[in-house]
Every structure is written in structure tokens, then in C-alpha cells.
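Student: Hello! Could you show me this structure and walk me through it with some questions and answers?

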Amino acid sequence: MDPRDEKSKIWLNGEWVDWKDATIHVMSHVVHYGSSVFEGIRCYQTPQGPSVFRLNGHIRRLFDSAKIYRMSIPFTPEKIVQACKDVVKVNGYESAYVRPIVYRGYNTLGVDPSKCPVDIAVAALNWGRYLGEEGITQGVDVRVSSWTRMAPNTLPTFAKAGANYMSSQLIKLEAVADGYSEGIGLNSLGHVSEGSGENLFLVRDDRIYTPPIDAGILPGITRDCAVVIAKEFHLPVIETHIPREMLYIADELFFTGTAAEITPIRSVDRQPIGKGKRGPVTEKIQQRYFDYINGRCEDIYGWHDYVD
């Protein structure tokens, strides 16, 4: 954790508290059963001032996740949107990673969470490139994980829930232990799903392929950005089930995610992808995405939410 973050304020259930005081009881439901939903949102420094990128979309997904898990958030979406902007402003950040989290707090122990309060916090912190600065230009090395993503009707992958990320941890830990930057999970049918915290795109013959929403993926907001940007360049995007072997013969592969942004993949299972470096389609989408997030082009989609 960046030492600067520990001097900041956190919005907790409608009140501002010091970072060190934003604590929960060890017997809180979330500690024992993973009962939380959350978002990761980036605030970028732009010529127009700090902007929390695609904020409304993230907060809509936060409320969707909570609804799936029958968690009634005790604030309106508008209030949480404002809290996300305020946490940047109060802490004097020009850029930041914003983390709203909804969780079941302290009351009773047991799987039934209905008597536990639903608490919410919004924090902001300093966080650089998730897969490294070099990965943005040179690409990263990944492996196909031995761990399978959640099957349908087990855990809802549409919800960005804390419990789901136990699966992600297994994928990530295995990859790092074997010398890779990241892992790719397959779904219960053996098709490509996603990374531990990123969606995946494959390029072959100037066509872009990405797993559909029923492939055990989180419907990513940066994933949506990539689809929209590809259409600007008249590049077809095909949502389809992708067999593992298609990864190896791809011309290009790239990850998308709020933390990872647009990160090229240069190898899978020690096999180089294309020329073993960032490809032209990935670079084109990546650069356009960076133009949007950094405010270097017109915000034609209303993606920016500027901090007052």
C-alpha cells in the first residue's frame, strides 16, 4: 500500500473517517463468508480536471451485484456516485483508483446473512499499471490456468463479488508461481473465459473475437469500451466461444480491465503470440482508449464524470 493512502479519508456509511479508523469487527459476516460486492474505478487527470471514468456504469453494476446477492444498499446510486467524486476531491487527488465496496457487517454468525447490516465504504488510493508499465507496450506472458472458472448456476459471474475472487486468486497465484504475469481461466466447458481480473480479446485476420457473457465472465466496462472503439475503426467484434487452441494461433491477444486498461499478451504457455509483441490492432485500440481516458479527444459517449 502506498504510504500516501494511509493519510487519506474514507467515506464510510455516509461519514468521513481517517484511513486507519475505517475498520470492521473480526466477526463481521464478510470476513467469514466473503459476502461483499465491489467496484474498481479509475480517476484520470485530464486537461478538464480529474475525471472518474465511466463512473455511472460502475455504480450501476455495483447495485446490480448487490441485487443479485439480495443486499439492499442503504444509499441511492446518486449518493454513491457523489461519494466517489468526493473521495477524490477531499483527498486532493488528481488521479486515483476508487474502490466502493458493499459488505455484510457485524451481527450474527452463520450462513444466513439477513440479520447483518449492509455497510458501504468508498476509498481512493494511488495505484499504477496493474500489469506493469512495460506490459502496456511490450506485452505480458501468461499461461492457461489449471483452475476452471465458475460453472453456470454455481456462483453468479455477473456479480463483482468478493467471493468470486477466491477463484481469481488461485489463477493468479499459480501463474505468478510459474513465472507468468497472469493466467487465463477456461470455463466449465473448456472454452476460454477470462483472466484473473481481466476480460480477453483475440485478433485473427483483422477480426476480433471475445468470449460471450455466458462463458463465465464478468461483463467488463473496459471490455465494452474496447468493443465500442473497435467499431470506430470498422473492425468486426465477434462474441463467440473460443477453444483453447485458438489462443496459440491468434495474431494478437489483449486483456481489458479497469486496473489492466488495455494490456497486450505476447505469449501463452511459452508460445509467442503473433510476432511476440504488441500487434497493430491492439495498439490502435489501446491508443484510442488512452486518448479517451486522458481527455485528449471529444467525449462523444459521455464516459467522463468530472470531479467538481
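This is a predicted model: local features need pLDDT of at least 70, side-chain atom pairs count only at pLDDT 80 or more; totals for chains, interfaces and linings use all residues.

Student: Which residues does helix H8 span, and how far does H8 reach from its first C-alpha to its last?

Tutor: H8 takes in residues 280-293, which makes 14 residues. At 1.5 Å a residue, a span of 20 Å is expected. The model comes close to that, with a reach from first C-alpha to last of 20 Å.

Student: How wide an arc do the buried residues of H8 cover around the axis?

Tutor: The buried residues of H8 are Val281, Thr282, Ile285, Gln286, Tyr289, Phe290, Tyr292 and Ile293. They lie on the same side of H8, because the arc they cover around the axis is only 160°.

Student: Where does the charged end of Lys284 sit?

Tutor: To place a charge over a ring, we look at how far it is from the ring centre. The charged end of Lys284 is 5.3 Å from the centre of such a ring. That ring belongs to Phe233.

Student: What is the distance between Arg270 and the ring centre of Tyr180?

Tutor: This is another charge placed over a ring. Arg270 lies over the face of Tyr180, and its distance from the ring centre is 4.3 Å.

Student: How are the rings of Trp11 and Phe75 arranged?

Tutor: There are 11 aromatic pairs in the count, and Trp11 with Phe75 is one of them. The centres are 5.1 Å apart and the planes are at 65°. Planes over 60 degrees apart put a pair in one class, so the arrangement of Trp11 and Phe75 is edge-to-face.

Student: How far apart in sequence are the parts that this pair ties together?

Tutor: Trp11 lies in strand E1 (residues 9-12), and Phe75 lies in the loop between helix H2 (55-68) and H3. The pair therefore ties together parts whose separation in sequence is 64 residues.

Student: Is Trp11 buried or exposed?

Tutor: The cut-off for burial is under 20% relative accessible area. Trp11 has 4% relative accessibility, so Trp11 counts as buried.

Student: Which parts does the pair of Tyr97 and Trp127 tie together?

Tutor: The ring centres of Tyr97 and Trp127 are 4.4 Å apart and the planes are at 85°, so this pair is edge-to-face. The parts tied together are 30 residues apart in sequence. Tyr97 lies in strand E6 (residues 96-104), and Trp127 in the loop between strand E7 (118-125) and helix H4 (133-138).

Student: Which backbone oxygen lies 3.0 Å from a polar atom of the side chain of Arg42?

Tutor: Arg42 is in strand E4 (residues 41-46), and at 7% relative accessibility Arg42 counts as buried. Its contacts beyond its sequence neighbours include Tyr97, Trp127 and Ala259. The backbone oxygen at 3.0 Å is that of Ala259.

Student: Which residue has its side chain joined to that of Glu182 by a polar contact?

Tutor: Glu182 lies in strand E9 (residues 182-186). At 0% relative accessibility, Glu182 counts as buried. The polar contact is 2.8 Å, and the partner is Ser196.

Student: How far apart in space are Val81 and Asp305?

Tutor: Val81 is found in helix H3 (residues 77-90) and counts as buried at 10% relative accessibility. Val81 and Asp305 are in contact, and they are 224 residues apart in sequence. From C-alpha to C-alpha, the distance in space is 9.3 Å.

Student: Is Asn153 buried or exposed?

Tutor: Asn153 is in the loop between strand E8 (140-148) and helix H5 (165-177). Its phi is near 65°, a positive value in a residue other than glycine. With a relative accessible area of 83%, Asn153 is exposed.

How values were computed:
Residues are numbered from 1 along each chain as its sequence is written. Side-chain values use heavy atoms; hydrogens and water are left out. Helices (H or I, at least four residues) and strands (E, at least two) are DSSP runs, numbered from the N terminus. Buried means under 20% relative accessible area, exposed over 50%, partly exposed in between (1.4 Å probe, protein chains only). Contact means heavy atoms within 4.5 Å. Rings of Phe, Tyr and Trp (its six-membered ring) pair if their centres lie within 6.5 Å; planes under 30 degrees apart count as stacked, over 60 as edge-to-face and the rest as tilted. A charge sits over a ring if NZ of Lys or CZ of Arg is within 6 Å of the ring centre and within 35 degrees of the ring normal. The expected span of a helix is 1.5 Å times one less than its number of residues. The arc is that of the directions from the helix axis to the C-beta atoms. A polar contact is a pair of N or O atoms within 3.5 Å; within protein, one must be able to donate a hydrogen and the other to accept it, and residues adjacent in sequence count only if both atoms are side-chain atoms. Lists of a residue's contacts leave out its neighbours within four places in sequence.
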